[in-house]
Amino acid sequence: MFPVGLSFCESVWRLLLLATDRRFHFTMPSENLRWETLEALKNSPKGQVTFDPYWSERGEHILAGCKETPSLSSHSAVILERIDSQSLNKSSFLDSSSIDFEEKPASVSSSESTADLNSKISALSSAPSLKNQPKDVSGSLPKLSDETRGESPEADVSEVPAPPSPPAISLLSPRAMETAGHIIRFQKKQQEKAKVALQERQVLQEKLVESVASTELEHLKRFEEMKELKQRQEFQSIRDMIDRETKESMGRQEKLKEEQRHRIKILNLRVRELEQQRHREAELEKQRQAEGRERLRSLNSIQEEILQLNQLLEPSAQANAHLPAASLASHSLRGNQLCSQVSEVVRKTAEGEFPSVEDMAVAERALCEMRSVIRQMEEEAARVQEKKKKDQEQEEERRKQEALQAQQEAQKKAEQAAKEKELRKGLQNNAEESTMKWYKELQNSAAQCAQSFEQLNSPKDAQTKKLKLELQKAATIPVSQISTNSGSQLREIFDRIDKLLSGRAVVSGGKSVSASQHPQGLEFVAYKLAEKFVKQGEEEVASHHEAAFPIGVVASGIWELHPQVGDLILAHLHKKCPYSVPHYPPMKDGTPVEEYQKILGYRVDDCGVEGQDSFLKRMSGMIRLYAAVIQLRWPYGSKQGSVPHGLNHGWRWLAQMLNMEPLADITATLLFDFLEVCGNALMKQYQGQFWKLILLLKDEYFPRIEAVTSSGEMGSVIRLKQFLETSLKSRQISPPKGQLSATFWRS
């Protein structure tokens with residue numbers, strides 16, 4: 001049992017670790033110095049190194065003992081004493097001259113190989129046998145020191161080659177050698193364990209380094225990403241700032257542009273206003289010039305007309321031959337005075353100036369007075385002539401009256417008997433006697449008016465023919481221009497017609513014309529104007545039902561100012577549409593069929609009689625115009641007194657239509673058209689009485705219409721039936737389409 005063997009080996013291993021320190025080198029010149037060396041190492045601070053063979057089991061680091069204070073075991077002396085003391089005293093491990101001790105202790109390398117340690121231990125164990133070979137030992141130790149000095153701290157232990165060991169000389173007992181062998185085997189096991197632990201540590205370290213490297217790489221990536229993010233944010237903030245500045249600059253530019261546009265707009269408006277003002281002034285000047293030239297032409301025409309009329313006042317005129325000389329002289333004197341007044345006005349404008357409004361008023365007053373003088377003279381001549389005719393006709397009339405009285409009495413008795421017979425049967429075939437009398441008076445008045453301008457209507461000279469054409473155009477063209485475009489245009493047309501009928505000059509076709517230029521001009525214009533109104537109803541209103549209202553309101557206004565035109569309108573209307581009386585002309589014996597169809601209102605030409613549809617369309621247009629006239633009144637008139645031909649005539653016409661036997665197709669058409677245009681006005685005017693009449697029409701009169709209407713002519717009947725049913729059901733008749741509103745007159 002060698003209890004101190006482990007401590008000795010421990011001390012030797014510590015000694016060898018110190019010998020491999022790079023800070024000093026030592027040699028063994030003699031084996032006699034080994035004891036002194038061990039003694040010196042024992043007493044030195046590094047001799048206090050301890051060795052724990054169980055370090056790996058506790059999980060400690062392989063070099064943990066190097067950090068502690070080195071010390072030698074207390075049993076090392078016992079082991080050394082058993083060795084040959086004499087050989088040990090004579091040998092020495094270290095040469096004092098070759099050992100350089102430093103004050104600072106050398107650090108033990110953690111990378112010294114186990115093979116080197118084994119070689120050193122075997123060298124110590126064979127120290128007595130190496131007395132004769134000091135040079136080899138001393139030479140091998142520096143070589144070992146040099147090799148260990150160049151090793152890397154992380155080098156593998158297996159890579160260090162073990163120096164060749166000298167031949168071993170046994171200095172110990174077998175028991176000690178066995179123990180030393182066990183120690184060596186244990187050390188080899190520990191070295192293997194340390195080698196495996198070191199390799200595991202290296203692998204762990206590499207993994208740790210890899211993990212740290214990957215972590216740091218990720219950190220570096222995050223850092224770069226953060227840096228890029230900051231750069232992008234800075235770039236974005238810079239770009240946003242640039243965008244804001246750009247937007248602000250663009251906003252300022254837009255504001256400046258807007259201000260510039262506003263200033264330009266204001267300047268353009270000012271320029272436009274100045275230009276418009278200049279145009280207005282130019283237009284006013286042109287208008288003033290045109291009005292002045294128009295007044296000058298009117299003045300010249302007035303002077304020419306007054307001179308022509310003054311010629312009629314001359315005693316040499318044939319028309320004045322039957323007047324007394326005193327009357328002719330007074331009329332001639334007054335005519336000359338009026339000519340002088342007009343000549344005085346014309347003399348004022350001889351210097352190139354236009355006549356003023358006052359001058360024109362003086363000239364027009366003179367013309368009107370001249371016309372009145374001519375009219376008085378003609379009336380005196382007519383009275384004288386009539387007086388002569390009356391004296392001649394009185395005798396003839398007396399004889400005729402006596403002969404006719406008996407004939408009239410017999411005729412009256414026959415007519416009275418026929419009327420009584422018809423009344424007993426039910427409805428009448430003709431209108432009432434008062435209505436027929438009124439109808440005949442209107443026709444006679446229209447015939448007399450046509451005869452009064454026979455000379456102008458059949459002119460023999462070119463000048464009269466030209467005047468006739470100009471007057472006819474002046475009368476008919478304005479009526480053709482009536483439309484629903486605007487109220488101002490309608491008022492202008494009305495004023496032109498009124499001026500023409502008043503004998504004042506109007507412009508027609510670029511020429512100034514006046515009805516007073518011919519003695520029969522006023523009658524001719526009135527007749528043609530009334531004829532044109534009825535023709536517009538026959539054509540324009542028949543095609544466009546809404547046209548009945550503008551034409552009707554102008555006709556009503558002209559009728560109110562010039563009653564003669566209204567009578568002529570009724571005469572023409574009754575002649576072309578006898579159903580507007582209402583009157584169903586009977587066919588007399590010996591009357592040709594074509595002539596009778598003309599009396600009924602049909603158009604007959606070389607191609608024959610017009611179709612039923614065309615006939616109904618024309619009759620519808622004229623009855624619509626009549627229904628519009630009786631309910632309208634010119635809005636700019638005096639509005640004093642009653643309407644010359646108002647709704648009472650519409651009520652009379654409707655009542656008389658229901659008292660007469662219905663005719664196929666025409667009766668239903670006219671009743672529907674009349675009620676559609678005038679029904680709303682009659683409803684407001686007569687209220688309850690009107691609804692009684694409508695109820696009578698539906699219940700009693702309408703079956704009579706259906707009875708006389710064939711199956712192919714039921715269109716108008718169905719329309720009338722639907723109108724009556726709708727009106728009676730709602731107790732309301734809608735205003736007609738096209739009725740002129742208040743906004744129309746402001747346009």
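The buried residues of helix α19 are Leu-647, His-649, Gly-650, Trp-653, Leu-654, Gln-656, Met-657 and Leu-658, where buried means under 20% relative accessible area, exposed over 50% and partly exposed in between, with a 1.4 Å probe and protein chains only. The model is predicted: local features need pLDDT of at least 70, side-chain atom pairs count only at pLDDT 80 or more, and totals for chains, interfaces and linings use all residues. Residues are numbered from 1 along each chain as its sequence is written, and side-chain values use heavy atoms, with hydrogens and water left out.

The cover over the buried residues of α19 includes the helices α10 (433-452), α18 (612-629), α20 (666-686) and α21 (688-708); contact means heavy atoms within 4.5 Å. Helix α19 (residues 647-658) has 12 residues and should span 16 Å at 1.5 Å a residue, which agrees with the 17 Å between its end C-alpha atoms. The expected span is 1.5 Å times one less than the number of residues.

Helices (H or I, at least four residues) and strands (E, at least two) are DSSP runs, numbered from the N terminus. The protein has 23 helices and six strands. Of its 747 residues, 37% count as buried. Among contacts between residues at least 6 apart in sequence, 79% join residues at least 24 apart.

| Cysteine | Relative accessibility | Class |
|---|---|---|
| Cys-368 | 40% | partly exposed |
| Cys-577 | 0% | buried |

With a disulfide taken as a pair of cysteine sulfur atoms within 2.5 Å, the count is zero.
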